[in-house]
Amino acid sequence: MHKEKKESSSLAEFFQRWKSTFFYSFVLVSIYLWATAPPKTNYQNLRLDRLSSLPLLKVENLVDTDPFDSDCRWSNCWDIFNCTKLTVYAPPLQHFHDGGKKKVTPDISREFYSLYKWVAESEYYTNNAETACVRLPPIDFLSLSRVENIQKASAVLKNLPYWNGGKNWVIFSSHSVKDFELETGEALVATSTLTDFTVRHGFDIPISFYSHFLRPIVDLSEDFFEEERTYDLISLGPFESSIETGLRSISGLSQLKLNKCGSADSYCSITGESFEIPLSMKKAKFCLVSYSAKFGFQNKMLAAALGTGCYPIIVGKYSLQLPFQEKIDWNEFSTTFRPSDMHKIADFIQKFPKEDLIRARERGIWTFDKFFSSMGAVFEGFLGHLHDRLFPHKVHGVDFWNGPIRGVQSPLFLNRIAPDEGFTAVILAYDRVESLYRVIESVAKAPGLKKVLVIWNNQSKAPPLASTFPQISIPIRVIQTKKNVLSNRFYPYDEIETSCVLSIDDDIVMLTADEIQFGYQVWREYPDRLVGYPNRLHLWEEDKQNWKYESEWTNANSMILTGAAFYHKYFSHAYYHQTPAKIVNWVDEHMNCEDILMNFVIANQTAKAPLKVSPRKKFKCTECSQQVSISVDPGHMVERSECINFFVKEFGKMPLKAVEFRADPGKLYLL
């Protein structure tokens, strides 16, 4: 009996301790969750639901300001220690007055309201101003022309709680705060109107532009990439005199010249006919977008041009900072002219390939949807840019800023070593059947090979029968091309299912299987580079003031010949879908330099040099001199130099990088 009571007492004590432990654990967990939970976002806190009755706050000192700090850079005017996480503080909206009940800040515009609303609903919002990474002033500076007294508005900024000289505050505007003399101290300026003269390099951020003016474009749902358009060029004035003069010098085009008439967004032709803008911009292939000291930058026209698929031709005397230009490749879908060069615009438009124009429309509309279609899109772009500055180890990929290329992932942001999924051998062939078979037999011995793709370029002779090809365990596919052009070797064929491509000529019979496998392993470590065997170099000839193609064996190299080279299939898409058709057509017409162009394409995107892999023996095709080959033509080398100079002109720079490096396999054994 005593034993049973003891056991009952012990059991009761156990349950009592368990209940106490559970209770205190529950309390501690509840306190932790309450303390660490993100603050609830509500419009009441930000007063977004009572815009008509915002409180008026008196500002005692409307004289003192924090002068605009022209020396601000990322290192001295931004507190990165508040930015372990990207958070945004937006204080309650309110108006400020001078003591006489006269407002010194402008009314809230629908655009600024949309920006505030987006912040309030976003995951970035915090009501803790002290620990926030980004702070937004509750003052609408989007249109500085609406601010009656710039000096008093500047003083309001200085009186904001936690202002601290402007550090980590961001001023959003569609104007240059420096031109309007708004005193913002150390605050970062995010504006759609920045030039090389007003931007604080590496600090201020050129952003995209949104206005209710663009609403009709946002609602468009039709696909108009390939539609024919009535006008070659549309321009919307007013313009300063140098641009007016330049417009008069443009001839031979179907132009629509409009100027403001009536309300702010009304435009009329010289005959008085009224046009609905921005929708009328859908009728033009190219849109002139101007910027000048007198009339500023037509930022809403740039946005409208992108959204309507109208190719922007940007004209101005000084260098403009285009939205997110450190990230977005504007050369893909816009161009720039000085007023003095506007007489060249007609020739530029007339020679612009249709396929390039369609591609530019697609890119422009994608960019509009991503960064211009709402204030939320504008702010997301800003935060994306800020994120990449704060966290350089995890920046957004190229696709975030420039859109995907048909679903192919860029190799620029792969892991350190590419997955071992093997490679596809793409062999460009014409009529050297015997050496083609030898190449296939040699490549097939490499363990990494997954498929052989034979690109048959001969238009007058059918490819060999499938039964005559070497009997190997790897699938062989033959593609009969429609035209004998060298760029066929780089076409992004659907049959290529691996990320790695081995481009190899049908006469490269000297490479062994172990050398090929070693080249593939080197590529896996450098998947964003061209990796191969025969190398070349570009040199600058000072006396001739041009570039020279050098084929002599040297320690340095800046090009790898694609007669035997590995590359990521992404660059096949870049070659065909991003490179201007004018350049690719030039290569195909000259039957030369497609390999040099691929080197340009890859170096232009990566800013990296190709890598040479050393075969055990000197790379030499002993049979090439006995075969019909364009590379033995005496004028071949001269034309290769001409190719380089033509590419430099079209790319607008020399992207090739020289490096003294080679991967030496030493003694290799296949297990």
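Visitor: Is helix α15 buried or exposed, going by its residues?
Guide: Welcome! In this predicted model, the residues to check are Tyr570, Phe571, Ser572, His573, Ala574, Tyr575, Tyr576 and His577, and each has under 20% relative accessible area. That makes eight of the eight residues of α15, so the helix is largely enclosed by the rest of the structure: α15 is buried.

Visitor: What covers the buried residues of α15?
Guide: Look around the helix and you will find a strand as well as helices. The strand is β27 (564-568). Together with β27, the cover includes α10 (354-372), α12 (398-402), α16 (581-590) and α17.

Visitor: How are α15 and α17 placed relative to each other?
Guide: Start with the axes of α15 (residues 570-577) and α17 (residues 594-606), which come within 10 Å. They cross at roughly 105°. An angle from 65 to 115 degrees counts as roughly perpendicular, so α15 and α17 are roughly perpendicular.

Visitor: How many charged residues are in the contact of α10 with α16?
Guide: The axes of these two helices come within 8 Å and cross at roughly 145°. Glu355, Asp356 and Arg359 of α10 make the contact with Ala581, Lys582 and Asn585 of α16. One of these residues is nonpolar and one is polar, while the charged ones number four.

Note on methods
Residues are numbered from 1 along each chain as its sequence is written. This is a predicted model: local features need pLDDT of at least 70, side-chain atom pairs count only at pLDDT 80 or more; totals for chains, interfaces and linings use all residues. Side-chain values use heavy atoms; hydrogens and water are left out. Axes are lines fitted to C-alpha atoms, for helices over the stretch in contact, and angles run from 0 to 180 degrees between N-to-C directions. Helices (H or I, at least four residues) and strands (E, at least two) are DSSP runs, numbered from the N terminus. Angles under 35 degrees count as roughly parallel, over 145 as roughly antiparallel, 65 to 115 as roughly perpendicular and the rest as oblique. Buried means under 20% relative accessible area, exposed over 50%, partly exposed in between (1.4 Å probe, protein chains only). Contact means heavy atoms within 4.5 Å. Ala, Val, Leu, Ile, Met, Phe, Trp, Tyr, Cys and Pro count as nonpolar, Asp, Glu, Lys and Arg as charged, and the others, Gly among them, as polar.
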